[in-house]
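Subject: Structure for you to look at

Hello,

Here is the structure I said I would pass on. Please open it first, then read the notes below.

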Amino acid sequence: MAKNKKTEGIEWNYSSSLEGTSHIQLQKKYDLFIGGKFVKPHSGKYFDTINPATGEVLAAIAQADETDVDKAVKAARKAYNEIWKNMSGKERGKYLFRIARLIQDRAREFAVIETLDAGKTIRESRDVDVPLVANHFFYYAGWADKLEYAFPNRKVESLGVAGQIIPWNFPLLMAAWKIAPALACGNTVVLKPAETTPLTALKLAELIRDAGLPDGVVNIVTGYGDTGEAIVRHEDVDKVAFTGSTPVGKRIHEIAMEMGKKCTLELGGKSANIILDDAPIDQAVEGIVNGIFFNQGHVCCAGSRLFVQENVADIVVRKLKDRMQSLIVGNPLDKNTDIGAINSEKQLKTIHQYIQLGVEEGAELYQPECRVPANGFYCRPTLFTNVAQSSRIAQEEIFGPVLTIQTFRTVDEVIQKANNSPYGLAAGVWSDKGSRLFNLTSKLNAGVVWGNTYNRFDPSSPFGGFKESGYGREGGLHGLSAYLK
Amino acid sequence: MRSTVNKTEPIDFSQSPKVDKVGVEERVARFQTRSLKGASKLQGLKLALNMIDLTTLEGKDTPNKVRQMCYKAEHLHDSHPGLPTVAAVCVYPSMVKVARESLRNPEVKIASVSTAFPSGQADLNIKLTDTKLALDNGADEIDMVISRGKFLSGEYNFVFDEIAAIKEACGKSRLKVILETGELVTLDNVRKASDIAIYAGADFIKTSTGKIQPAATMQVTYTMLMAIKDYYDKTGIMIGMKPAGGISNAKLALHNLVMVNETLGGKWLTNEWFRFGASSLANDVLMQIVKQETGIYQSTDYFSID
């Protein structure tokens with residue numbers, strides 16, 4: 001009997017291991033951060049931000065209108081003219097270093113709040129988002145007093161007031177991407193976080209206030225699209241930086257061009273992840289998983305179009321399905337969760353519509369048999385085989401954990417197919433052979449191309465896209481030049 | 001029982017799947033962030049305890065030392081009831097007889113290293129005699145070493161044939177094949193050697209002798225688990241895995257079990273298919289089990305060191 005029992009093995013599930021929330025401090029209500037102080041919105045209106053994992057309300061957030069935006073821009077202009085513009089780079093750098101260190105000090109609190117507000121797993125907010133945020137501030141802090149070395153033989157000068165609008169997929173990280181280089185170059189900012197994920201930006205405002213940054217250098221106004229539009233349209237905003245969807249990006253581009261403002265846009269993508277037949281298959285499968293299921297697929301550069309060389313397609317798809325079985329979908333606060341909650345009900349609906357569309361288009365659907373919590377917004381990791389280049393699910397950005405798989409025979413064919421997209425943000429190539437990697441990467445029309453890895457970010461590495469994925473680069477030296485005359 | 005050699009198709013081991021070290025490191029790091037608490041931790045600890053091959057492989061081993069270790073194998077910590085035994089004891093062929101006489105519980109197997117362990121620098125005839133000695137003295141399992149020199153010089157057929165010959169000598173006894181991954185250096189080599197051992201008839205593949213560093217790193221074990229997985233997917237035949245050397249604490253053992261659970265699945269989570277080759281691991285696992293069940297974290301002086 002005992003022998004029999006042994007052969008069957010066991011089912012070993014991990015008990016829940018929730019990250020504690022007792023150490024975080026959240027207010028019931030958050031006002032606008034203007035001129036170094038939290039001030040009530042002109043309209044008196046507030047909206048709720050919720051935890052997408054449970055649907056519970058986390059806090060009421062002030063809704064800024066044109067008057068509030070004007071106030072914020074004026075505060076930024078005043079700080080720019082009176083203090084920040086003339087401060088030495090070395091002194092500006094000190095403030096940025098201080099912000100970076102404070103973020104490290106409060107890393108756990110930021111990670112938990114990010115998870116609560118955005119639905120992303122605590123593993124990612126703890127191990128990816130927050131450390132990268134600190135790294136960004138450290139990196140640009142280092143450049144603040146070395147700008148003339150970064151751009152030799154050029155007189156570098158700050159732009160003035162930057163209006164920055166960021167998305168909900170990496171709320172705090174996007175704030176860091178925007179604020180750190182702007183401040184390092186001597187600009188002041190008015191930043192608007194996304195309406196579904198404003199909390200970490202407001203916590204960052206508290207941190208910036210605690211760091212003693214001069215009043216008005218960073219202003220954070222919360223609200224919906226109209227608040228963002230007010231920032232873009234404000235005549236005293238010199239530069240607009242936007243990360244978000246392509247339709248909104250196009251609109252911002254139009255306004256910015258009309259008004260003669262400098263502008264950088266980091267928009268959507270439908271990035272190709274290409275597996276060649278000599279690739280290390282097991283590691284490539286990990287790369288596929290990381291490419292599309294990282295942050296529930298809410299990644300502008302997600303590897304959402306998979307291209308697998310024909311002769312290894314069966315084995316790759318089999319291994320991928322097998323690997324997906326071991327992904328844990330659930331409470332994002334659980335340290336063992338691999339895939340957390342979809343950011344909002346609206347986004348979940350969009351994803352479901354696309355999954356439905358995929359089925360209607362005749363693609364073959366696969367989802368693992370994993371348990372999904374009853375409350376909150378969750379979506380199983382999904383893949384579609386039998387997909388054509390002309391399928392809408394292979395053309396349009398879904399922004400969720402949905403992967404389409406196509407096969408190819410020759411390298412020329414895959415280059416053509418990968419580039420045959422209105423987007424051009426990122427791509428991944430997997431091969432054991434360096435020459436094949438470099439041949440492909442030089443021919444792919446994408447801002448970022450990863451070789452034998454995916455979704456890897458570093459402050460020193462520029463990031464941005466071609467075509468409908470936007471223009472301008474963030475990160476590295478390129479990120480600095482976007483904030484200098 | 002599986003057949004000695006898979007003769008149905010010729011296999012070119014130089015074409016074994018490629019392994020990307022950076023990717024493996026990333027994957028392995030993910031297993032290490034799994035958080036085990038409460039019941040699942042206790043279950044994992046008891047499982048780990050039951051998978052240990054309690055080992056002594058030293059020139060200075062004496063019959064009495066082996067007797068004491070055999071007693072410990074069956075009585076891990078009698079003051080704390082409800083504990084499993086270890087899976088096996090692992091000794092040199094010359095000590096198998098002593099172990100056979102000492103062990104009472106048939107659940108605890110005797111594994112013996114052979115084939116001129118640890119270097120494997122001997123003629124096949126000597127290796128076969130060594131193996132036969134261990135089996136005649138009552139060993140249940142044989143842990144052989146491969147000829148690393150031959151492997152590194154590309155003589156894969158030699159390595160294959162040697163394993164097949166020892167497997168034949170083993171008869172119904174299970175054969176573990178030690179790759180000594182610390183001498184193979186690259187993960188590509190580890191994968192290749194795993195494939196050779198599996199196709200040549202190994203029942204288990206094992207990382208190391210414990211005499212060479214690095215030994216059972218998680219990267220190496222992961223690479224070997226994927227070789228086992230690919231073979232299972234292809235043939236439906238299960239192969240066992242034994243990381244040995246360097247797994248000296250409960251946390252590392254649990255990380256290894258998480259890795260097995262998420263690659264090969266629960267089917268492998270039994271000592272029939274997964275073992276730890278270790279000497280000091282047992283006491284650390286015992287310490288953690290006692291801590292989990294009583295809430296008291298005792299010092300090492302409360303656990304016997306046989």
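Two residues are in contact here if their C-beta atoms, placed from the backbone, lie within 7 Å. Please also keep in mind that this is a predicted model.

Domains of chain A

Chain A is divided into two parts: domain 1 covers 29–267 + 469–481, and domain 2 covers 272–459. Their C-alpha centres lie 30 Å apart. Where they meet, 22 residues of domain 1 of chain A are in contact with 24 residues of domain 2 of chain A. On the domain 1 side, helix 4 (107–118) and helix 5 (122–143) of chain A each supply at least two residues. Helix 5 of chain A has the largest share of that side, with seven residues. Sorted by class, the domain 1 side has eleven polar, seven nonpolar and four charged residues.

A sheet in chain A

Chain A has an open sheet of three strands in the order 1-5-4, and the pairing is mixed. Strand 1 (29–30) and strand 4 (46–50) are the edge strands, so each pairs on one side only. In general, strands of a sheet pair through backbone hydrogen bonds, either parallel or antiparallel. Strand 1 of chain A runs parallel to strand 5 (residues 57–62) of chain A, and two bridges join them.

Where the chains meet

How many residues of chain B are in contact with chain A? There are 27, and they touch 23 residues of chain A. Helix 1 (21–32), helix 2 (38–50) and helix 11 (250–263) of chain B each supply at least two residues of the chain B side. Helix 2 of chain B gives the most, with five residues. The chain B side divides into ten polar, nine charged and eight nonpolar residues.

Nonpolar cores

In soluble globular proteins, nonpolar side chains tend to be buried together. The largest nonpolar core in this model has 100 residues, and A48(B), V89(B) and A197(B) have the most contacts inside it. Leaving out residues up to four places away in sequence, A48(B) touches A250(B), A253(B), L254(B), L257(B), F276(B) and V285(B). A second, separate core has 89 residues, among them V112(A), I166(A), A184(A) and V240(A).

Regards

Technical notes. Residues numbered from 1 in each chain as written. Chains lettered and ligands numbered in written order. Predicted model: local features only at pLDDT ≥ 70, side-chain atom pairs only at ≥ 80, totals over all residues. Pairing = 2+ DSSP bridges. Helix = DSSP H or I, 4+ residues; strand = E, 2+ residues; numbered from the N terminus. Domains from an automatic or database assignment. Nonpolar A, V, L, I, M, F, W, Y, C, P; charged D, E, K, R; others polar. Core = buried A, V, L, I, M, F, W, Y, C linked by C-beta atoms within 7 Å. Buried ≥ 20, exposed ≤ 12 C-beta atoms within 10 Å, placed from the backbone.
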